Amino acid sequence: MTANPYIPKTLRLLLPTALMLAGLWACREEFARKIPETEYTDSIDVAFGTPRVLYIIADGARGKSVQQADLPVINSLLPNSIYSWESLSDEETGSQNGTNWADMLTGVQKAKHGIQGDNFANADLEDFPLLFERIQAANPESDVRVYTPSPLFFEQLTAGAKERELLDGDAAVKDAAISALEVDTITMVTLHFTGIDQAGSQYGYDLSVPQYRDALVAFDGYVGKVLDAVKSRPNYSQENWLVVITSSKGGEYPIPDEENDNTIFSNPEVNTFTIFHSLRYQTRVISKPFLGIRFQGDFVRFRQQLRGEVTAGDNDIYNLDNEAFTIELKVKKNPGPNNNYRYNYPALLNKRERWTWDFVGWTIFLEEDFWMFNARGLGNNVGQTRGGTLANATWNSIAVVGVVRDNERFVRTYTNGQFNNEVNITNYGSITNNFPLMLGGQADNGQADCYISDVRFWKVALPDDVISQYSCEIGVPEDHPYYDFLAGLWPVVGSEGNKIDDMGPLGSHMTLGGADITRQYQSDFVCAPSSADLGALVPRNVDIPAQIISWLKIPRLESWQLDGRVWLDR
């Protein structure tokens with residue numbers, strides 16, 4: 001097969017950000033790494049005083065709003081802090097605080113501590129006790145104190161403190177802390193403020209709301225008074241203080257479309273801020289991680305029975321017999337029939353008369369929150385290979401690779417460049433039929449609501465490293481190592497009328513039909529990391545107990561099953 005004269009046009013359509021692709025691969029390598037399961041230590045001079053902790057929790061303080069408010073006291077801490085305006089609370093909690101408080105005081109997530117929202121009925125604080133109890137168990141002489149204006153917080157989450165008080169408002173919490181800091185033997189003081197959340201729930205969680213701004217300013221003033229009390233301690237210069245200032249959650253407020261990246265970072269309810277301050281720390285800012293390249297343009301919305309069929313060229317090219325092959329495409333799901341992102345078997349790409357197991361051919365389809373490859377051969381053998389879970393409301397890359405090894409045939413699946421599964425399909429027999437390659441809906445099974453783009457068909461089994469490197473790129477660059485094996489390339493984006501042009505060497509153009517054709521402008525990331533992966537890249541509520549335990553030099557035991565990590569200033 002010779003070089004493709006249509007590819008330069010494809011590159012103009014699909015690769016406006018080609019210079020960024022090497023950076024994408026490097027960043028994806030970072031996303032694939034997991035935080036090592038190891039003990040973390042702080043860069044603290046062990047000879048420098050007795051460790052002490054001031055722990056300040058503010059409900060409802062959105063990280064973005066705190067950053068933009070330019071609060072003088074909080075800003076004064078940043079030169080000696082590990083901090084982030086993009087830290088995260090529990091993704092599913094919403095407006096309730098209980099789960100987040102428990103994360104912040106146990107160091108484990110709700111799957112372990114059992115607290116769902118503000119419902120403490122299934123709480124397991126015996127197997128996963130509060131931070132205060134762990135400190136007292138490690139050092140019975142510890143003086144740990146907690147002050148809050150929340151009855152729920154006071155009743156459920158203050159066990160183990162030497163002194164705990166339910167007070168009338170944030171000002172009283174500030175005053176109680178100042179008094180506690182006069183005690184020479186104090187170990188840790190925890191302050192819980194609710195005024196910001198009360199203002200946000202009533203008026204709106206955004207700096208543009210005067211009442212919310214006033215609540216942030218008042219909170220900053222309270223923090224200043226408490227810090228003054230710390231610095232006024234007679235032995236302050238010989239003490240070793242860690243100051244933790246954070247929000248338990250953000251709050252709901254509309255964000256501009258241009259700022260919405262459809263990841264967890266565009267959810268204002270989970271946007272918190274976290275500051276770990278110590279005179280021992282150097283400055284470390286933890287920003288929102290790189291999310292990938294935006295895929296922009298006018299995309300066909302595949303819903304109901306809208307489909308594209310190859311009406312030009314030779315459809316036999318897309319039969320999957322005993323030859324190697326690779327099929328790649330990108331899909332972005334919209335909410336389905338149950339107003340979520342789960343689906344029951346709608347086809348994305350297929351070549352068979354009808355999409356049921358009874359017909360010879362193959363289908364790539366959605367199932368629940370993942371995707372599958374199904375095939376049936378002339379020998380009446382049928383089976384399927386599971387792909388990976390697809391992120392919601394953003395572009396995912398799907399790949400199916402047919403491999404021939406020792407005269408046996410295998411199908412391998414990949415999602416966003418990562419290998420999923422392999423199945424031996426030797427006994428399927430020939431998967432040949434006379435029907436056209438079809439993109440989008442079939443009448444037999446469920447209907448999708450999604451965008452499909454950048455469909456590629458290769459007459460070669462792309463190796464794992466090539467899949468990993470190129471699957472999240474847009475289009476096919478001329479220096480692709482298997483460029484000459486490309487048999488079909490349908491960008492879909494930028495198409496007009498009822499045509500989808502094949503920009504590959506064979507000109508197998510598609511015709512759209514079966515339902516009304518609509519195109520919508522989209523600008524979302526390709527292969528954005530999952531919420532779980534993203535959560536490991538910025539501080540979370542559940543990290544704070546681990547940070548405090550490390551600071552207080554309490555040995556962290558495996559039996560505690562802590563979910564959090566310690567953040568270092570380097």
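## Report on a predicted protein model

Threonine 190 touches Tyr55, Ile57, Phe132, Arg145, Val146 and Tyr147, with residues up to four places away in sequence left out of the list; a contact means heavy atoms within 4.5 Å. This threonine belongs to strand β5, residues 188-193. Threonine 190 counts as buried, at 0% relative accessibility. Buried means under 20% relative accessible area, exposed means over 50%, and partly exposed lies in between (1.4 Å probe, protein chains only).

The structure is a predicted model, in which local features need a pLDDT of at least 70 and side-chain atom pairs count only at pLDDT 80 or more, while totals for chains, interfaces and linings use all residues. Residues are numbered from 1 along each chain as its sequence is written, and side-chain values use heavy atoms, with hydrogens and water left out.

### Confidence and overall form

pLDDT is the predictor's confidence in each residue, from 0 to 100. The protein averages a pLDDT of 89, and 90% of the residues score at least 70. Over residues 1-47, however, pLDDT stays under 50. Where pLDDT is low, the predicted coordinates should not be read in detail.

The protein has 14 helices and 24 strands. Helices (H or I, at least four residues) and strands (E, at least two) are DSSP runs, numbered from the N terminus. Along the principal axes, the C-alpha atoms fill a box of roughly 85 × 50 × 45 Å. Of the 570 residues, 56% count as buried. Among contacts with a separation of 6 or more, 72% are accounted for by residues 24 or more positions apart.

How many residues of helix α5 are buried? In this helix, residues 98-106, nine of its nine residues are buried; they include Gly98, Trp101 and Leu105. Glycine 107 follows α5 and has a positive phi, near 80°. Glycine 98 and asparagine 119 are 21 residues apart in sequence, and their C-alpha atoms are 7.2 Å apart in space. Asparagine 119 itself lies in the loop between α6 (110-113) and α7 (131-138). At 43% relative accessibility, asparagine 119 counts as partly exposed.

### The cysteines

A search of the whole structure finds one disulfide, a term for a pair of cysteine sulfur atoms within 2.5 Å. Cysteine 472 and cysteine 527 form this link, with an S to S distance of 1.9 Å. Which parts of the protein does the pair tie together? Cysteine 472 lies in the loop between α12 (464-470) and β21 (486-490), and cysteine 527 lies in the loop between β24 (519-525) and α13 (531-535), so the pair ties together parts that are 55 residues apart in sequence. The torsion about the S-S bond is about -90°, so the disulfide is left-handed.

| Residue | Relative accessible area | Class |
|---|---|---|
| Cysteine 450 | 1% | buried |
| Cysteine 472 | 2% | buried |
| Cysteine 527 | 3% | buried |
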